[in-house]
Amino acid sequence: MKKNILLISSLLLSNAMIGTLAAETFTLTQADQNNLSITLYSNDLALVQDTRLLGPITPEDTVIVKDISRKMHTQSLQIKDAGIITEQSLNQAVISYKSLMNSYIGETITLVKTLQSSDQEIRQSVKLLSVDKHTVIVEIDGAIESFPLRSEVWRFVFPKKPTNMQLRPSLTFKSQGKKTTNNIQLNYLTSGLEWQMDYVLELNSKRNLLNLKGLASLFNRTDTLYKKANIKLLAGTISPPSQNQFKATAPMDMMMDRTARLETSTQNIGDLKLYNLPQETTLFPHQQTQVPLLSAKNIPVIAGYRYDLHITPYLDNHETKTSPSSYLSFNNDKESGLGIPLPSGQARIFNPDKSHELQFVGASLFSQSSLNEEIKLETGKAFDFSIRHRQTSHEKTFNGVIVGIQFIFNNSSLEEKTLDLTATFSNSWKIIDSTYPLFKKQGRDAHWKIKVAGNNISVFDIRVRLNTTQ
């Protein structure tokens, strides 16, 4: 009986040892990657779809996936075609000066001092007690000493790399196993990747036509190289997941892609627009890459000026002198050479000088535009076009006041300028007299379009009745 028990115990132990020996660790690197697709959003977010080749695995095996984003949102991770996943973890314990310090608290390290008078070094074994932002506290021969965390005189030497630390972050997972060699796919959201749209608008000398170039700026603020990725750009506003992430502060290098104009396809994803870049793009760590996304030439444009003011029923003896805002207006339609969804971004406007050299004349926020919409971009303040206005009369009536306002427009340039003037009234109103005809009435606003000839001063008077009774 005892022999049978011993035999059974021996067999069980032997099987356990065989199972332990059979467990293997498989490491997947970027060399195993055969497809990479990234969808970039405009709010520090991206969806990564990473396909790699993996052979058969057992439930005891561990798979380590390297070259993944340290800023991965682990809650979003999905591993497909690798069997039923039993556990997964993101290993972010990457070796650094701070992480080494924290891992050796309570342990013995070496303090080294370099003598400036010679190249000799003094070495002392110390016990690391505490580390904060600027100071290290150690025990030396029973005494407590403090040293600066970073110093040109002192440095710390660690005996070896902690086993739980890596050179790069990695993903580890186990599954119930699979019997074939096939592609597995990692899908996850990550911070540190995003895109934004940048527009370059080039006006002609008459300022009635412009060329538009749309550049997609792709940002990689991670330590990960994304090699030959299929890039998709999602335009629109989404509600991002709540995620506390480290913000990279390293300087961004610019790498300009000098490829020719690209034909970019778009599609609807719910209420959003998806743009597909037609060629693979490599996103280098801590770099910004620009790729041409769209372009159009000879778009009819109106270069105009705008001024808004608020008119109240109160007596006002002040005179205001200012300059109107300059703007560009054009239509997003096929007749203008556009007629495509345009994502929001930053627009930079250039105007040729007399020698036909382009000069930067202003920037404006470019709001997203659907088909057949009017686009208006404010570019700055007019230099040679000024406005003075003052209250010329104030008459009380039984139910309010009649206010007179005079505007003096001084166009000192040689070209005629068109001014969009908007008056917003604080009370119900009615125009009694106006030098120029009212262009549009809308709620509390009155709109005029006024043309002021070059090298000319124009006077514009209005009288308006403001009702102050309810």
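A charge sits over a ring if NZ of Lys or CZ of Arg is within 6 Å of the ring centre and within 35 degrees of the ring normal. Keep that handy for the first exercise. This is a predicted model, where local features need pLDDT of at least 70, side-chain atom pairs count only at pLDDT 80 or more, and totals for chains, interfaces and linings use all residues. Residues are numbered from 1 along each chain as its sequence is written, and side-chain values use heavy atoms, with hydrogens and water left out.

**Exercise 1.** Work out which ring the charged end of arginine 306 sits over, and do likewise for lysine 441.

*Solution.* Start with arginine 306: its charged end is over the ring of tyrosine 327, 5.3 Å from the centre. Next, lysine 441 puts its charged end over the ring of tryptophan 429, 4.9 Å from the centre.

**Exercise 2.** Classify the pair of phenylalanine 407 and phenylalanine 460, and say which parts the pair ties together.

*Solution.* Recall that a pair of aromatic rings is described by the distance of the centres and the angle of the planes. Rings of Phe, Tyr and Trp (its six-membered ring) pair if their centres lie within 6.5 Å; planes under 30 degrees apart count as stacked, over 60 as edge-to-face and the rest as tilted. The structure has nine such pairs. For phenylalanine 407 and phenylalanine 460, the centres are 5.5 Å apart and the planes at 20 degrees, so this pair is stacked. Now place them: phenylalanine 407 is in strand E29 (residues 400-411) and phenylalanine 460 in strand E34 (residues 456-467), so the pair links parts 53 residues apart in sequence. Strands here are DSSP runs of at least two residues (E), numbered from the N terminus.

**Exercise 3.** Classify the pair of tyrosine 436 and phenylalanine 460, then decide whether each residue is buried or partly exposed.

*Solution.* Geometry comes first: 5.4 Å centre to centre and 65 degrees between the planes make this pair edge-to-face. Tyrosine 436 lies in the loop between strand E31 (428-434) and strand E32 (440-442), so its pairing with phenylalanine 460 of strand E34 ties together parts 24 residues apart in sequence. For burial, the cut-offs are under 20% relative accessible area for buried, over 50% for exposed, and partly exposed in between (1.4 Å probe, protein chains only). Tyrosine 436, at 22%, is therefore partly exposed, while phenylalanine 460, at 0%, is buried. To finish, both residues belong to one aromatic cluster formed by Phe407, Phe409, Tyr436, Trp448 and Phe460.

Notes
Helices (H or I, at least four residues) and strands (E, at least two) are DSSP runs, numbered from the N terminus.
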